[in-house]
Amino acid sequence: MLLRHSLPRSTPSSWFSRLSPASAMPLRAKVTNPAFTATSNMSTTTDAQIPKAQPGDEPDDVLFNSLYGVRLVELNRPKKLNSLNGSMVRKILPRLKEWEKSQMANIIMVSGAGSKALCAGGDVAALALQNETGSKGQQASADFFGLEYKLDHTIATYSKPYIAVMDGITMGGGVGLSVHAPFRIATERTVFAMPETTIGFFPDVGGSFFLPRLDGELGTYLALTSARLTGAQALYAGIATHYFDSSVLGNLTTRLSELVFSDHASLQERLDLVNRTMAEFATGLPEEPQIRGELRKAIDRSFRFNTVEEIMKSLEQETTYKEWAQETLETMSQRSPTSLKVALRQQRIGKNWGIADTFQREYEIAARFMRHPDFVEGVKALLISKPRRRAQWQPATLEEVTNKDVDAFFTIPDGRKRLPLLNKDNWLHCPHSYGLPSEKAIGKHVRSLNPKEATKEQIVQHFLTKSNHKEGVEQKVTDVLSRKTITTERGLEWDGELSEPEFE
């Protein structure tokens, strides 16, 4: 039996801070995000595999707090848009492992201090400067990525409900902290992107897993162009699972703190209850341009090829969305040629990697990029130089980047042990699905119907009922049916293949 505390639903998030000293745990640090107001006084695990603090780690770059059964992680570097560094990872990972063992911790929530960002990415400027010191510095940078990927894999395989609040800029390392969670909240302030090819790197933090599993060629497009998605766009794309106005985050946190799970409740039962509770805070979706209709068709047409050269040729020949195609060509022409080719290869083979394979293989790719001149050049040109300048890539053209060059990023040297992760979970398909239905799910349902009896209205209603009328389902299913079905003499039929596998 699932029980709830008797706190009123209207209780504001700041209510917990006004509890009497006898009923509240000691306050560890001031919380700056209004969605999170709570306390914590927890020890750090001593597991030998868990990273330990190091000299020079910042004392309050992450704040840990609790509100009844909810455990709160707040990235606390607002002046640097909460960019992720080793100090932060070394704090978060032990705390997650400790909470995983605690019977008092029911739900984990992660957010960023201030209103501008969850996390704008890793602290790549520090890594680039470190790389310039030589092989030891390059290895130290690779070690950071290994540590970060251990954290990302832990989040992906976490045994308790984990909610990522993607309020504000969510890019690079911030994506790793959020996109693998079963619940990913977008808001009106969300700006999602994978900007790695702009700095001579590749879409990491699990980009090999989630990007190829998005609908059609949307993941390939995001990987190669670093295109940005707003909050509602992230929901429709499958990056986010929920959309709320940022004004409700405080009350949502308080509401979730009321939940108490039965000792015998499975993870699926706990997640389902969290999902039903979150649905109480639906605020409606904004009217804003979406990547749908003919634009989605153009993306799928142009980015379906297996070489960057073919993709760019297709963009040159695009007529329906000529202005978009020209802008995309100009964008890609500024990217590192090596990064583009590695990222495309990653999208094509990553769909066959399990979640553990993903982070282990990405570690090897990242380590090689730390030794490649494009990473330092890209970071210095775009992030360090004042004013910004155009990067001078090596090699400078796509033609100069050979298949052998690309193969080297995907080859693990003989005798090299794979990156050790904290558990062995290696599933190929996401075990939880709380976002909008994917094109594959819609296509499978259409194909299961009798074409002569099927109607678009019935199909939309099926998914509305299945999702308990989740916001965005009607719009998403309607768009997919308009693009992916045709009416023949046999009736309504799915037009095209179903991509494998999927990310939801």
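Select Tyr-162 to start: in this predicted model its relative accessible area is 3%, so Tyr-162 is buried.

Select Phe-144, Phe-145, Tyr-149, Phe-201, Phe-202, Phe-359, Phe-369, Phe-375 and Phe-409, and you have one aromatic cluster on screen.

Next, a couple of charges over rings. Pick Phe-209 and Arg-213: the charged end of Arg-213 sits over the Phe-209 ring, 3.8 Å from the ring centre. Then go to Tyr-236, where the charged end of Arg-292 sits over the ring, 4.9 Å from its centre.

Time for salt bridges, of which the whole structure has 22. Select Glu-217 and Arg-348, whose closest N and O atoms are 3.4 Å apart. Glu-217 is in the loop between α5 (207–210) and α6 (218–225), while Arg-348 belongs to helix α13 (residues 337–350), so this bridge ties together parts 131 residues apart in sequence. Are these two partners buried or exposed? Glu-217 counts as buried at 15% relative accessibility, and Arg-348 is buried at 17%.

Hop over to Asp-357 and Arg-418, whose side chains meet in a salt bridge at 3.3 Å, N to O. Asp-357 sits in helix α14 (residues 355–370) and Arg-418 in the loop between α16 (403–409) and α17 (439–448), so parts 61 residues apart in sequence are tied together here. Asp-357 is partly exposed, with 21% relative accessible area, and Arg-418 is partly exposed at 37%.

Now select Arg-483 and Glu-439, a salt bridge with its closest N and O atoms 2.7 Å apart. Arg-483 is in helix α19 (residues 473–484) and Glu-439 in helix α17, so to speak distant parts of the chain, 44 residues apart. Arg-483 is buried at 9% relative accessibility, and Glu-439 is buried at 6%.

Last stop: colour by pLDDT. The chain averages 90, and 89% of the residues score at least 70. Select residues 1–31, where pLDDT stays under 50 and the model has 72 contacts beyond four places in sequence. Then try residues 37–46, also below 50, with 40 contacts beyond near neighbours in sequence.

Technical notes
Residues numbered from 1 in each chain as written. Predicted model: local features only at pLDDT ≥ 70, side-chain atom pairs only at ≥ 80, totals over all residues. Heavy atoms only, no water. Buried < 20%, exposed > 50% of the residue type's maximum accessible area, 1.4 Å probe, protein only. Phe/Tyr/Trp six-rings, centres within 6.5 Å; stacked < 30°, edge-to-face > 60°. Lys NZ or Arg CZ within 6 Å of the ring centre and 35° of its normal. pLDDT = per-residue confidence, 0-100. Contact = heavy atoms within 4.5 Å. Salt bridge = Lys/Arg side-chain N within 4 Å of Asp/Glu carboxyl O. Helix = DSSP H or I, 4+ residues; strand = E, 2+ residues; numbered from the N terminus.
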